[in-house]
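Morning, everyone. I'll walk through one model today, element by element. Please have the viewer open.

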Amino acid sequence: MFIDHAKIYLKGGDGGNGCVAFRREKFVPMGGPYGGDGGRGGNVIFVADEGLNTLMDFKYRKHFKAQRGVHGMGKNQHGAWGENLIVKVPVGTIIIDDDTNESIVDFTAAGQEAVIARGGRGGKGNSRFANAIHKAPAMAEKGELGEEKWIRLELKLLADVGLVGFPNAGKSTLISRVSAARPKIADYPFTTLVPNLGVVLTKNKDSFVIADIPGLIEGAHEGVGLGHDFLRHIERNRVLLFILDTAQVDGRDVVEDFSALRRELEIFNPELLKRPYLIVANKLDIPEAQERFKLLKDKYGDMVVGISGATGQGTDELVERTYELLKSIPPEEHIGETRLIRRFEQKSPFEIEVIDGIFQVTGKRIENLVEMTNFSQDENLQKFQRTTARMGLDEALKAKGIKEGDTVKIKDMEFDFSE
Ligand SMILES: Nc1nc2c(ncn2[C@@H]2O[C@H](COP(=O)(O)OP(=O)(O)OP(=O)(O)O)[C@@H](O)[C@H]2O)c(=O)[nH]1
Ligand SMILES: [Mg+2]
C-alpha cells in the first residue's frame, strides 16, 4: 500500500493578556478595577474534506498558526477571540503526534473535524481579582500560550486512475512523466512487477492518484502470470487509461490490442467495462506510429488521446482530460465516525533537572504559568507562588536537595529559593 505523508507544525493562537485598569470617573472617588479579560486564541481545527485526495498541499505549506486573542482593555472591555484556523485534509487521513508517535485522529468520513492544537485561554483582567479584601487589585493574568505541536499526516492512497496495457506499452514511462513516481523502465516486457502509485498534479493544482499496473497479458483472467492480482488492483480504480503501443515493432494490431485488453477485464469482472476510460495512443514520437494513431482516431474518435510518454507530447492534455473524467464521477461513499484517539495531555505538571547547581524546571503547565504571570506586579507574584506550591513544586525541589538561596529557573525566569 502506498502512503502519502507530510510533517507539519501547528500552533494554537496565544490568549490575549488581561488588562489592569481603574475606573476614573467624576464623582467616583475610589476607582474600582476596570480591566477586561484577554480573548481566547484560535484553535487549529482539522476537517476531512471529500474534495481532497492527497496530502500534496502540505508539501508547500508546513506551518499552520491560528490567530491570537486580543488583549483585554480598560472599561472592562474583553479582547476579541482569535479566529480558528481550519485545515482541510482528505478522508482517510490519520494524524500522528510526532513527539510520542501516537495516533490522535483517524478521519473516516467527510465533514468530521477535530481540534488538534488548542488556542490559549485569555488572561483575566484585574476586575476579576477584586474581592472583599483586595478592592483594587493591581494584577492581571497574561494570556496562556497556544498549544504547539509537530504532527505527521498519513494517508493510505487508493489510486483513482489505473494504467492498463500490455507489457512494454509504456505505462511506467508515462507515470514517471506525470508524477514524482520513479518506477523501473526497460525495453523488455514485465519490467513492472508490483503496482507503483504516483500523485499527479493538474494545472489548477488539483491532484489525483495514478497507478502503474504491471502489464496485462492475454489469459490474465485465468490467473496466467500474476493476472488475478493485477486485475484486483484495477477493480479499485475509478477511471481506466488503456495504454496502447502505436509503435508496435512486433507488428500487432492496435485496435485488436484494445479489444483484447477489454476482453480480459470483462471476463474477470464485467463491471470493469462500465468504468469511464480513455484510450491512450502512446509512442507518437515514432514516425510509423502516426498511421496507427489515425486508425484508432477513426474508430474511437474523441476517446483517443495521442501522447508520447518519452517526449511528454500530449501528456498535459491527458492529465486534464483524465481529471475531467474523474470529476464527473461521484466520490466514493465513506462511512463511520471520526475516531478521536487521544487529545494532547500533559502527563505531570513539571520536571526538575539540576544543572550546574541550578534547578531547571520544565513542563508545559508551569511554563505557561510563568508566561501568564506579570512578575512586576506583587499580587501576581504571590499568586504564582501559591499556584506552584499547590502543584507540589516546593516539595519536589526539596526532594532534589534545594537549599535556601539556590537558583530555580523556569523558562528564562530565575528565582531565589526561600522557605
Ligand atoms: N519511443 C518511445 N518509447 C517509449 C515511450 N514510452 C515508453 N517507451 C519505451 O518502451 C519500453 C517500455 O516502457 P515501460 O514504460 O517500461 O513499459 P511498461 O508498460 O511499464 O512495461 P511493463 O512494466 O513491462 O508492463 C522502454 O524501452 C521505454 O523506453 C514513448 O513514448 N516513445
Ligand atoms: Mg512498467
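Terms before anything else. Helices (H or I, at least four residues) and strands (E, at least two) are DSSP runs, numbered from the N terminus. This is a predicted model: local features need pLDDT of at least 70, side-chain atom pairs count only at pLDDT 80 or more, and totals for chains, interfaces and linings use all residues. Residues are numbered from 1 along each chain as its sequence is written, while chains are lettered from A and ligands numbered from 1 in the order in which they are written.

Start at M391. It lies in helix α7, residues 378–391. Buried or partly exposed? M391 counts as partly exposed, because it has 17 C-beta neighbours inside 10 Å. The scale: buried means 20 or more other C-beta atoms within 10 Å of the residue's own, exposed means 12 or fewer, partly exposed is in between, and C-beta atoms are placed from the backbone. What does M391 touch, leaving out residues up to four places away in sequence? P349, F350 and I366. Contact here means C-beta atoms, placed from the backbone, within 7 Å. I366 is 25 residues from M391 along the chain, and their C-alpha atoms are 8.7 Å apart.

Now the whole chain. The protein chain has eight helices and 19 strands. Its radius of gyration is 32 Å, well over the 22 Å that the globule rule gives for 419 residues, so the chain is more spread out than a compact globule. That radius is taken over C-alpha atoms, and the rule is 2.2 Å times the number of residues to the power 0.38. Along the principal axes, the C-alpha atoms fill a box of roughly 100 × 55 × 35 Å. Of the 419 residues, 42% are buried.

Next, sheets. Two strands pair if DSSP finds at least two bridges between them. One open sheet has four strands in the order β16-β17-β18-β19, with mixed pairing. β16 (351–355) and β19 (413–416) are the edges, each with a single partner strand, so one side of each has no neighbour in the sheet. From one strand to the next, the twist averages 25 degrees. β18 (residues 407–410) pairs antiparallel with β19 over four bridges. In that pairing, T407 has D416 of β19 as its bridge partner. Helix α6 (residues 364–372) packs on this sheet and touches β17 (358–362), β18 and β19. The direction of α6 makes about 90 degrees with that of β18. Axes are lines fitted to C-alpha atoms, for helices over the stretch in contact, and angles run from 0 to 180 degrees between N-to-C directions.

On to β12, residues 239–245. Seven of its seven residues are buried, so β12 is largely enclosed by the rest of the structure. V239, L241, I243 and D245 point one way, and L240, F242 and L244 the other. β12 runs parallel to β9 (residues 161–165), with five bridges. It is also parallel to β13 (residues 277–282), with six bridges. F242 stands opposite V164 and has I279 as its bridge partner in β13.

Last, ligand 1. Which residues come nearest? G170, S172, D187, T192 and G215, out of 25 around it. Near means a C-beta atom, placed from the backbone, within 6 Å. Helix α1 (residues 171–178) gives the largest share of the shell, three residues.

Note on methods:
Two residues are in contact if their C-beta atoms, placed from the backbone, lie within 7 Å.
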